[in-house]
Amino acid sequence: MSDPSQAAALLLKLYELRTEPSLRRARSWFAFEFHPTSAREVLAAWLGPGHESGPYRMTTTYWDMAASLVVQGAIPYAMFNAANTEHYAVYAKLRPFLAEVRATTKYPDYLINVERVATSGDSAESKIAIFGTYLDQQRVLARDGKQRPSLDGAAAGGPQQQRRRPLHG
């Protein structure tokens, strides 16, 4: 894309989509509740019955679609990565299982756009490692019962209550 303002408009639209409540819940589930240890668990989340697979599919297809805009040249790589990092987390979480998931489903291009964008650039591996460490921490918090199940399922004093508190005093 030759016009940076058009690419910026696409980025803003992507951000707007990310704030949609059902996608926000799906992304939260993916980050804080979904901790696969095998390709089988990834496949169960992806191919599970109807609404049960929704959060997985919403998150992965959103980021693969967003990354496709970079791969196809609609958004420059540097601009996309200056505004986003979550695609590194998605890739870091699924990378250990992608080869088996692709082979099992006979879908060799599954999440290929996320992979291409996340693995491009000089510091790609260090960014993936940073998010891998973050995800490991989230897995431990969840295992130890220190992770809230979700924003919607928070008990009294959870995020809904916290938003009502004044910032100071």
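**View 1. Helices H6 and H8 are roughly perpendicular to each other**. In this predicted model, H6 (86-105) and H8 (124-143) have axes 8 Å apart and pack at an angle of about 75°. Roughly perpendicular means 65 to 115 degrees. Axes are lines fitted to C-alpha atoms over the stretch in contact, and angles run from 0 to 180 degrees between N-to-C directions. Helices are DSSP runs (H or I, at least four residues), numbered from the N terminus. Tyr88, Ala89, Tyr91, Ala92, Lys93 and Arg95 of H6 meet residues of H8, including Phe131 and Leu135. Contact means heavy atoms within 4.5 Å. Asp, Glu, Lys and Arg count as charged; Ala, Val, Leu, Ile, Met, Phe, Trp, Tyr, Cys and Pro as nonpolar; the others, Gly among them, as polar.

**View 2. H1 and H4 are roughly antiparallel**. The axes of H1 (residues 4-18) and H4 (residues 54-71) come within 11 Å and cross at roughly 175°. Over 145 degrees counts as roughly antiparallel. Leu14, Tyr15, Leu17 and Arg18 of H1 touch Tyr62, Trp63, Met65, Ala66 and Leu69 of H4. Eight of these residues are nonpolar, none is polar and one is charged.

**View 3. The lining of the largest pocket has 17 residues**. Arg27, Ser28, Ala31, Phe32 and Glu86 lie nearest the pocket's centre. H2 gives the most to the lining, with six residues. The lining has 10 nonpolar, two polar and five charged residues.

Residues are numbered from 1 along each chain as its sequence is written. Local features need pLDDT of at least 70, side-chain atom pairs count only at pLDDT 80 or more, totals for chains, interfaces and linings use all residues, and side-chain values use heavy atoms, without hydrogens and water.

How values were computed
Helices (H or I, at least four residues) and strands (E, at least two) are DSSP runs, numbered from the N terminus. Angles under 35 degrees count as roughly parallel, over 145 as roughly antiparallel, 65 to 115 as roughly perpendicular and the rest as oblique. On a 1 Å grid over the protein atoms alone, a cavity is a set of points where a 1.4 Å probe fits but cannot get out, and a pocket is an open set with protein on both sides within 12 Å along at least five of seven lines; lining residues have an atom within 4 Å of a point.
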